[in-house]
Amino acid sequence: MELEILGSGTSHGIPVIGCDCPVCRSGDSRDNRTRASALFRGDSGESVLVDAGPEFRVQAIRAGLTRLDAVLVTHTHADHVHGFDDLRIFSYERRLPVYASAADIAEIRERFSYAFRPTQEGGGKPRLDLIAVDGPVRVGDLEFIPIPLLHGELPVLGWRCGDIAYLTDASAIPESSFALLEGTKRLVIDALRLRSHPTHFNFRDALAAIERIAPDEAWFTHLCHDFSHEGIMDWLRTNAPGKKIEPVYDGLRISADGRD
Ligand SMILES: [Zn+2]
Ligand SMILES: [Zn+2]
Ligand SMILES: [Zn+2]
């Protein structure tokens with residue numbers, strides 16, 4: 001099983017429209033960050049997407065995605081669901097299951113109302129089965145555990161499969177969720193920037209969470225343009241010496257058995 005990072009950027013993406021800062025003008029491909037999304041691939045061919053943001057089409061083509069069995073939703077901020085229309089390619093033969101919290105399902109129904117009301121034939125709408133999550137989700141041989149998190153005051157979900165946990169868009173981990181994260185070996189966690197933010201972990205918050213969860217390896221995601229990839233690496237060398245922590249980048253594959 002592996003987790004592929006499809007997008008590693010914060011809600012604006014990097015480069016930010018109209019920004020000429022050094023990170024937005026960087027020639028390092030790792031500094032080109034589409035909106036946050038990830039794909040779990042199982043050993044039996046399972047293909048499970050976490051969020052479908054505005055660049056889902058570009059990400060799916062880049063990842064060579066030919067199959068999608070289910071979508072797991074973290075929350076319904078625009079940068080995580082506004083690519084839903086492009087899921088239709090994966091829902092022609094059978095309806096595509098989408099797992100989300102009950103509140104997020106109501107929100108998706110409203111935001112994408114055209115997909116859930118009868119319209120003329122040939123409209124090319126995504127055919128989605130919205131399923132409220134109330135415990136682990138099984139897809140093929142894979143089991144996904146929803147991890148309740150707080151994104152400011154908003155309840156959101158992280159997702160864990162086996163030893164890999166993907167926790168984007170969070171500023172707090174409820175005590176009860178640490179139990180669900182026990183034994184995590186590879187952790188991808190929100191770390192927007194060094195400066196604090198009301199709804200996202202900053203670098204130091206993320207380090208504290210990593211310390212507590214104690215995975216073998218960890219990665220920062222949902223990154224903004226304050227730091228380049230190399231700049232974050234430098235910061236980590238100084239502030240978390242000897243720890244296996246790095247920023248993710250678009251296209252990174254994290255294997256359940258270690259780095260590829
Ligand atoms: Zn986000
Ligand atoms: Zn910039
Ligand atoms: Zn968000």
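In which sense do β2 and strand β3 (residues 47-50) pair, and over how many bridges? In this predicted model, β2 and β3 pair in the antiparallel sense over 4 bridges. Within this pairing, Phe-40 has Val-48 of β3 as its bridge partner. The two strands form a hairpin with 5 residues between them, and Gly-45 in the turn has a positive phi of about 95°. Strand β1 (residues 2-7) also pairs with β2 in the antiparallel sense, over 5 bridges. Here the bridge partner of Glu-2 is Arg-41 in β2. Strand β2 itself, residues 37-41, is mostly covered, with 4 of its 5 residues buried.

The chain as a whole contains 6 helices and 15 strands. Its C-alpha trace spans about 60 × 45 × 35 Å along the principal axes. For 260 residues, a compact globule would have a radius of gyration near 18 Å, and the value for the chain, 18 Å, agrees with this. Of the 260 residues, 45% count as buried. Among contacts with a separation of 6 or more, 65% are between residues 24 or more positions apart.

The largest nonpolar core has 69 residues, of which Val-71, Leu-72, Tyr-166, Ile-189 and Ala-206 touch the most other members. Helix α5 (residues 203-213) provides the largest share of this core, 5 residues. For Leu-72, the contacts beyond its neighbours within four places in sequence are Val-48, Val-50, Tyr-99, Val-137, Phe-144 and Trp-159.

In α5, the buried residues are Phe-203, Asp-205, Ala-206, Leu-207, Ala-209 and Ile-210. The elements covering these buried residues include the strands β11 (186-190), β12 (217-221) and β13 (245-247), together with helix α6 (229-239). Just after α5, Ala-214 takes a positive phi of about 60°. Helix α6 contains Gly-231. The C-alpha atom of Gly-231 is separated by 25 Å from that of Ile-213, and the two residues are 18 residues apart along the chain.

Several backbone features were also examined. Most residues other than glycine have a negative phi, and most peptide bonds are trans. The peptide bond from Ile-14 to Pro-15 is cis, with omega near 5°. Pro-15 is found in the loop between β1 and β2.

Asp-51 is not a glycine, although its phi is positive, at about 70°. Its place is in the loop between β3 and α1 (56-62). Asp-51 is buried because 30 other C-beta atoms lie within 10 Å. Asp-169 likewise has a positive phi, near 50°, in a residue other than glycine. This residue lies in the loop between β10 (164-167) and α4 (175-180). With 28 other C-beta atoms within 10 Å, Asp-169 is therefore buried.

How values were computed: Residues are numbered from 1 along each chain as its sequence is written. Chains are lettered from A and ligands numbered from 1 in the order in which they are written. This is a predicted model: local features need pLDDT of at least 70, side-chain atom pairs count only at pLDDT 80 or more; totals for chains, interfaces and linings use all residues. The radius of gyration is taken over C-alpha atoms; the globule rule is 2.2 Å times the number of residues to the power 0.38. A residue is buried if 20 or more other C-beta atoms lie within 10 Å of its own, exposed if 12 or fewer, and partly exposed in between; C-beta atoms are placed from the backbone. Two residues are in contact if their C-beta atoms, placed from the backbone, lie within 7 Å. Two strands pair if DSSP finds at least two bridges between them. A nonpolar core is a set of buried Ala, Val, Leu, Ile, Met, Phe, Trp, Tyr and Cys residues joined through C-beta atoms within 7 Å.
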